[in-house]
Amino acid sequence: IFTSSCIIDSRVFKPGMKIGFLEDCVKETFRQSKLFHYDSIPAEITKRYYEDNGLPQSQLKDLILTVTGIENLPYRTKRPLTFLIADGSDGNRYRYYLSSISDTLNPSASNEWCIYLVEELERFSKLIGQTVYGKHNLWSERTENGDFKTVWGSKYIPLEVTGMIPARGTFAGACYIRFKPEGYDGEYYRYCENSEEFFNSIFTFCDPKDSFKDIKKNDWEAIQKGLPEAGMKKQILELAVGKPDHVSTYQTNKDTYELWYYKNVMGKSYEVILNKDKVESVSSSENKRRY
């Protein structure tokens, strides 16, 4: 219910829609944006002018635009120059050049890499104050310059959500979810796309210990590390690392063995040999992909 309520059916720009600018865009202080004061139209209208001569990115920090309409200015090609017209939270009126749109009458926000929709962030921010459980060990720390650095955390421990940072993503409405893990001093982050499938692949609202009451404490400690270990039962292995990318079997004179292959677990590939539903051996190799 929560994740489905976060999805916006249409990202077409409409009057009243509120727009903010992404932090990683604003940090690029020496670049120009595609945002202009409304009355600053050059005598010779050119596409290049609107791509290269907007307000400095640094001036976009904390600015929120409220859409009032769409404007199409005739151009020497058949395709007009399309602009978003908006009122700024600073009291000024603005024109934002939409350079990547496919529909000049009903342009969408999906291809505008520098902006986020305030409503999307507000919907996802309902997660703040709730507790979730991470299905992966992949976390991030924030460095002094504001970048995100990958760290390895613990699976399935309670994570209290403390904040949201809108982010650039493969799909619309991505963000970094900030959380405080139980038993940790600091706060960490997890990148998340605004889709039910993505959210449900990395988080759950249910404490896994409530679903697997028969698992012992030392097994939970192994599961939370997220790594295969010799001696694990098959159920513990699957909870710790997930389903394998590939499974094969081979037969000896005495036993049948299963080989579970994992392509990328915390930066390594693993080959796990199971005999009678128990891990007999684990071997690994470095993986160039960390994520």
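**Notebook: cysteines, strands and overall form**

I started with cysteine 192: its sulfur is 5.5 Å from the closest cysteine sulfur, in cysteine 175, too far for a bond. I used the cut-off that a disulfide is a pair of cysteine sulfur atoms within 2.5 Å. Cysteine 192 is buried, with a relative accessible area of 0%. Burial here means under 20% relative accessible area, exposure over 50%, and partly exposed is in between (1.4 Å probe, protein chains only).

I note that this is a predicted model, where local features need pLDDT of at least 70 and side-chain atom pairs count only at pLDDT 80 or more, while totals for chains, interfaces and linings use all residues. Residues are numbered from 1 along each chain as its sequence is written, and side-chain values use heavy atoms, with hydrogens and water left out.

**Disulfide search**

How many disulfides does a search of the whole structure find? I found 1. Cysteine 25 and cysteine 114 form a disulfide, and their sulfur atoms are 1.8 Å apart. The angle about the S-S bond is -65°, which I logged as left-handed. Cysteine 25 sits in helix H2 (residues 23-26), and cysteine 114 sits in the loop between strand S5 (93-97) and strand S6 (115-117), so the pair ties together parts that are 89 residues apart in sequence. For such labels I took DSSP runs, numbered from the N terminus: helices are H or I with at least four residues, strands are E with at least two.

I then checked burial at both ends. Cysteine 25 is buried at a relative accessible area of 0%. Cysteine 114 counts as buried too, at 5% relative accessibility. Cysteine 6 is in no disulfide; the nearest cysteine sulfur belongs to cysteine 175 and is 8.7 Å away. Cysteine 6 is buried, with a relative accessible area of 0%.

Next I looked at strand S11 (residues 175-181). Of its 7 residues, 5 are buried, so S11 is largely enclosed by the rest of the structure. Strand S10 (residues 158-166) runs antiparallel to S11, with 7 bridges joining them. I counted two strands as paired if DSSP finds at least two bridges between them. S11 also runs antiparallel to strand S12 (residues 188-192), through 5 bridges.

Which residues stand opposite isoleucine 177 of S11? Methionine 164 is opposite isoleucine 177. In S12, the bridge partner of isoleucine 177 is arginine 190. S11 and S12 form a hairpin with 6 residues between them. In the turn, glycine 183 has a positive phi of about 90°.

**Sheet S14 to S17**

I moved on to an open sheet of 4 strands. The order is S14-S15-S16-S17, and the pairing is antiparallel. Strand S14 (246-251) and strand S17 (279-286) are at the edges with a single partner strand each, so one side of each has no neighbour in the sheet. From one strand to the next, the twist averages 20°.

S14 pairs with strand S15 (residues 256-265) in the antiparallel sense over 6 bridges. I located histidine 246 opposite tyrosine 261 in S15. Helix H8 (residues 234-241) lies across S15, strand S16 (268-275) and S17, and runs at about 10° to S15. My axes are lines fitted to C-alpha atoms, for helices over the stretch in contact, and angles run from 0 to 180 degrees between N-to-C directions.

**Positive phi outside glycine**

I looked up lysine 276 in the loop between S16 and S17. Its phi is near 55°, a positive value in a residue other than glycine. Lysine 276 counts as exposed at 69% relative accessibility. Aspartate 62 is in the loop between helix H3 (47-52) and strand S3 (65-73). Its phi is near 70°, again positive in a residue other than glycine. Aspartate 62 counts as exposed at 66% relative accessibility.

**Whole chain**

The secondary structure comes to 8 helices and 17 strands. The C-alpha trace spans about 85 × 40 × 35 Å along its principal axes. The radius of gyration is 25 Å, whereas a compact globule of 291 residues would have one near 19 Å. I took this radius over C-alpha atoms; the globule rule is 2.2 Å times the number of residues to the power 0.38. Buried residues make up 43% of the 291 residues.

Note on methods. Contact means heavy atoms within 4.5 Å.
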